[in-house]
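I opened my notebook with the model on the screen beside me. Here is what I looked up, entry by entry.

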Amino acid sequence: MSNPGFDYIDLFENAPCGYVVLLTNGRVERANRTMLSWTGYPADQMVGKRFSDYLSMAGRIFYETHIAPLLRMQGFFNEFAIDVVGADGKPISMIANALEMRDAAGEPLFVRLALIKATDRRLYESQLLQARDAAKISLANERATSELREQFIAVLGHDLRNPLASISAGARILGRDAKTDREHQVVAMLQSTVVRMAGLIDNVLDFARGRLGGGITLDRNARAPLQPVLHQVVDELRLSSPGREIREEYMIDVPVDCDRSRIGQLVSNLVGNAITHGASSQPILVSAATENGLFKLSVCNAGEPIPADAMTKLFEPFFRGEVRASRQGLGLGLHIASQIAKAHGGTLTVSSNTKETCFSFVMPLL
Amino acid sequence: MVDVIKRNNVRIRGLGDRAMVFAHGFGCDQNMWRFVAPAFEKDFRTVLFDQVGAGGSDLASYDNAKYATLGGYADDVVEIGCELGLKDAVFVGHSVSAMIGALAALKVPGMFGKLVMVGPSARYIDDGDYIGGFGEKQIEELLQFLEANHMGWSIQMAPTIMGNADRPELGEELTNSFCRTDPEIAKAFARVTFQSDNRTDLPEINVPTLILQCSEDIIAPQAAGEFVRDSIPNSRFVVLEATGHCPNLSAPDEVIAAMRNFV
């Protein structure tokens with residue numbers, strides 16, 4: 001052999017993988033030099049022994065229950081992981097292919113195994129499995145926590161609304177008998193707080209539901225008129241913010257297939273925002289119209305323009321503009337409004353300059 | 001109403017009046033009997049099936065609670081037996097299914113008139129003087145090791161297999177399909193198998209039982225086979241020349257001859 005690349009005995013003995021030949025009774029007929037050097041056994045020690053004697057106990061069970069049957073049934077088994085125990089007693093992680101050689105009648109003659117040392121790869125795989133298991137556990141924990149949180153928020157929302165309704169009823173009763181200006185002022189303040197509080201609770205519940213998978217659900221109704229709902233929402237806000245002028249312009253000519261209470265909530269959030277951030281000396285304009293197959297609704301106010309860096313974050317949850325602490329909300333109003341717009345297949349956009357700030361909701365009429 | 005025929009991928013062949021039910025153990029599926037079952041088709045109605053979780057069984061029927069014990073698997077055998085109206089049938093169980101068959105025979109007397117146990121073990125884990133061949137720690141290692149061999153199973157593969165539960169010929173084209181199982185189910189079945197202990201059930205068996213013991217079987221060592229022999233009153237014990245744990249594949253002729261002698 002002048003060219004060692006074609007020396008087949010050398011190719012077998014010093015191949016870059018281990019070769020093992022097994023007889024049909026599972027005993028080692030031959031193992032190549034690579035395999036012997038990886039495992040540290042002398043050849044005469046391996047030959048004649050059962051191959052499974054060199055496997056970890058788990059490997060033996062796997063060999064008997066999977067590898068041996070598969071070799072008989074399909075004639076080969078590729079890419080299985082196996083741990084061969086070396087002469088020093090330490091397992092060597094390998095990946096192996098096995099092939100059953102058969103005679104013309106299909107009877108098995110012997111089995112050829114090619115084994116590749118794969119310590120790093122197997123370690124990496126086992127780490128992936130560990131990471132997956134850890135992630136599964138952590139996901140299950142998160143889900144449990146999140147379910148608890150959902151229940152907590154639902155219960156909290158319910159429990160907060162009841163006392164709020166009592167305060168509201170009490171304020172109405174006091175309002176009927178109020179005589180002095182001061183009494184009227186206190187009652188108006190109570191009612192304004194109730195409206196604001198109710199809005200905050202609604203937003204918190206919607207946000208929680210949206211985040212926890214429920215999303216904003218719609219109860220659409222194309223037949224019922226929308227305008228009275230919008231007017232009622234604006235009126236409530238007007239009553240709770242005496243001294244603020246809110247103008248309304250409606251040109252709703254065709255039915256709008258929407259969830260009216262959700263659109264009411266959207267308007268309430270936008271007007272509430274305008275009351276908080278707009279110039280108190282200037283009127284707020286609420287306009288709604290149907291035209292060219294679209295329903296458009298906008299809320300505009302005068303005042304300082306929204307800073308450029310705030311514009312991109314306005315609709316993100318918990319974003320709060322610069323206002324005095326007593327008017328500070330949760331930063332959910334605009335986020336919920338944009339989610340309501342999205343649920344209707346529409347958009348909520350903002351434009352702001354020194355003249356005015358306008359939030360515009362546009363949705364297609366079906 | 002559960003369709004047990006579909007659930008367990010039951011295959012019926014053969015011409016005989018008396019039924020012979022073949023049950024595979026942990027590892028592969030009913031193909032384990034491919035070299036043995038045809039030999040009995042002339043004289044028996046052969047019934048082959050896949051344990052739920054294996055082969056062409058309906059994976060959606062897998063229920064963690066039901067299959068947490070071998071009793072759940074025995075219930076499946078009984079349900080198949082009822083569906084087919086089996087009486088005085090022969091039950092042939094390989095490996096852990098030998099015990100599943102024993103449990104089924106105890107549940108419904110008369111359904112099985114004879115038991116053939118190939119490589120049985122009443123308990124795999126050593127216990128005092130009892131030799132099962134395994135330590136508890138080794139079984140835990142096995143469960144970890146099974147994870148390293150996903151048997152060609154991948155998430156992408158699962159729907160293909162499950163979607164073709166009624167057309168197993170499609171699945172059989174795939175590599176390693178004879179041994180393919182959902183890895184979670186395989187692990188659970190391994191756990192149930194290797195942690196089972198049926199030592200107290202065996203003396204109750206009152207039908208003739210043939211025990212086929214392999215030479216050099218590391219899963220069911222000879223001591224375990226002898227324990228089964230000594231525990232079942234009416235048992236016959238035959239040590240095969242075949243080595244390993246699957247004589248039904250490696251030495252079918254020897255298995256067939258021993259079974260013919262018995263049935």
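Entry 1, the two chains. I call two residues in contact if their C-beta atoms, placed from the backbone, lie within 7 Å. With that rule I found 27 residues of chain A in contact with 25 residues of chain B. On the side of chain A that touches chain B, α4 (57-74), β3 (76-85) and α5 (119-177) of chain A each give two or more residues. The largest share of that side, 15 residues, comes from α4(A). By class, the side of chain A that touches chain B has 12 nonpolar, nine polar and six charged residues. For the classes, Ala, Val, Leu, Ile, Met, Phe, Trp, Tyr, Cys and Pro count as nonpolar, Asp, Glu, Lys and Arg as charged, and the others, Gly among them, as polar.

A note on the source: this is a predicted model, in which local features need pLDDT of at least 70 and side-chain atom pairs count only at pLDDT 80 or more, while totals for chains, interfaces and linings use all residues. Residues are numbered from 1 along each chain as its sequence is written, and chains are lettered from A and ligands numbered from 1 in the order in which they are written. Helices (H or I, at least four residues) and strands (E, at least two) are DSSP runs, numbered from the N terminus.

Entry 2, strands of chain A. Strands pair if DSSP finds at least two bridges between them. I saw β3(A) run antiparallel to β4 (residues 91-102) of chain A, with eight bridges. In this pair A:Ile82 stands opposite A:Met94. Nine bridges join β4(A) to β5 (residues 108-117) of chain A, again antiparallel, and A:Ile95 faces A:Ile116 there.

Which residues of α3(B) are buried? Buried means that 20 or more other C-beta atoms lie within 10 Å of the residue's own (exposed: 12 or fewer; partly exposed: in between), with C-beta atoms placed from the backbone. Among them I list B:Val96, B:Met99, B:Ile100 and B:Leu103; in total, 10 of the 12 residues are buried. They pack against β2 (19-23), α2 (70-84), β4 (89-94), β5 (112-118) and α7 (183-194) of chain B.

A nonpolar core is a set of buried Ala, Val, Leu, Ile, Met, Phe, Trp, Tyr and Cys residues joined through C-beta atoms within 7 Å. The largest has 109 residues, and B:Met20 and B:Ile100 have the most contacts inside it. To this core α4(A) gives the most, 10 residues.
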